[in-house]
Amino acid sequence: MQTLQAVLKAADTAELVAALKRRFPVDLAELPAELTVAAAQAHVDQVWRDYLDRLRTLEIQPAADGQT
């Protein structure tokens, strides 16, 4: 069985970001009003890329019962 980190490293980041944006759409009211649409899209994309990077680099911890 692969770890989440291995699966994420093998996956295409652009496809993952697009899927996350479809699954969890952003409410534009949550973004600063001075952002243009293009800047808002770039900001949201960067937030998702940063999130995926953090998941990719998480240290793998063994389960308390010794199984992974």
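**The packing of α2 and α3**

Tutor: In this predicted model, helix α2 (residues 13-23) packs with helix α3 (residues 37-56) at an angle of about 115°, and their axes are 10 Å apart. Since angles of 65 to 115 degrees count as roughly perpendicular, α2 is roughly perpendicular to α3. The crossing in which α2 passes α3 is right-handed.

The residues that meet can be listed helix by helix. On the α2 side they are Thr 13, Leu 16, Val 17, Leu 20 and Lys 21. On the α3 side they are Val 44, Asp 45, Trp 48, Arg 49, Leu 52 and Arg 56. By class, the residues of this contact divide into 6 nonpolar, 1 polar and 4 charged.

Asp 45 is found in helix α3 and has a relative accessible area of 18%. Buried means under 20% relative accessible area, so Asp 45 is buried. Not counting residues up to four places away in sequence, Asp 45 touches Val 17 and Lys 21. Val 17 and Lys 21 are among the α2 residues in the helix contact.

Trp 48 also lies in helix α3. Its relative accessible area is 16%, so Trp 48 is buried. Leaving aside neighbours within four places in sequence, Trp 48 is in contact with Val 17, Leu 20, Lys 21 and Phe 24.

Trp 48 and Ala 18 are 30 residues apart in sequence, and their C-alpha atoms are 9.3 Å apart in space. Ala 18 is partly exposed, with a relative accessible area of 31%. For Ala 18 and Ala 33, the sequence separation is 15 residues and the C-alpha to C-alpha distance is 23 Å.

The remaining helix is taken up next. Leu 4 lies in helix α1 (residues 4-10). At 48% relative accessibility, Leu 4 counts as partly exposed. Leu 4 and Leu 58 are 54 residues apart in sequence, yet 9.4 Å apart in space from C-alpha to C-alpha.

The whole chain gives the setting. The chain has 3 helices and 0 strands, and from the N terminus on its elements run α-α-α. The radius of gyration of the chain is 16 Å, well over the 11 Å that the globule rule gives for 68 residues, so the chain is more spread out than a compact globule. Along the principal axes, the C-alpha atoms fill a box of roughly 50 × 25 × 20 Å. Among contacts in the chain with a separation of 6 or more, 77% are accounted for by residues 24 or more positions apart.

Key: Residues are numbered from 1 along each chain as its sequence is written. This is a predicted model: local features need pLDDT of at least 70, side-chain atom pairs count only at pLDDT 80 or more; totals for chains, interfaces and linings use all residues. Side-chain values use heavy atoms; hydrogens and water are left out. Axes are lines fitted to C-alpha atoms, for helices over the stretch in contact, and angles run from 0 to 180 degrees between N-to-C directions. Helices (H or I, at least four residues) and strands (E, at least two) are DSSP runs, numbered from the N terminus. Angles under 35 degrees count as roughly parallel, over 145 as roughly antiparallel, 65 to 115 as roughly perpendicular and the rest as oblique. A crossing is left-handed if the near helix is turned anticlockwise from the far one by less than a right angle, and right-handed if clockwise. Contact means heavy atoms within 4.5 Å. Ala, Val, Leu, Ile, Met, Phe, Trp, Tyr, Cys and Pro count as nonpolar, Asp, Glu, Lys and Arg as charged, and the others, Gly among them, as polar. Buried means under 20% relative accessible area, exposed over 50%, partly exposed in between (1.4 Å probe, protein chains only). The radius of gyration is taken over C-alpha atoms; the globule rule is 2.2 Å times the number of residues to the power 0.38.
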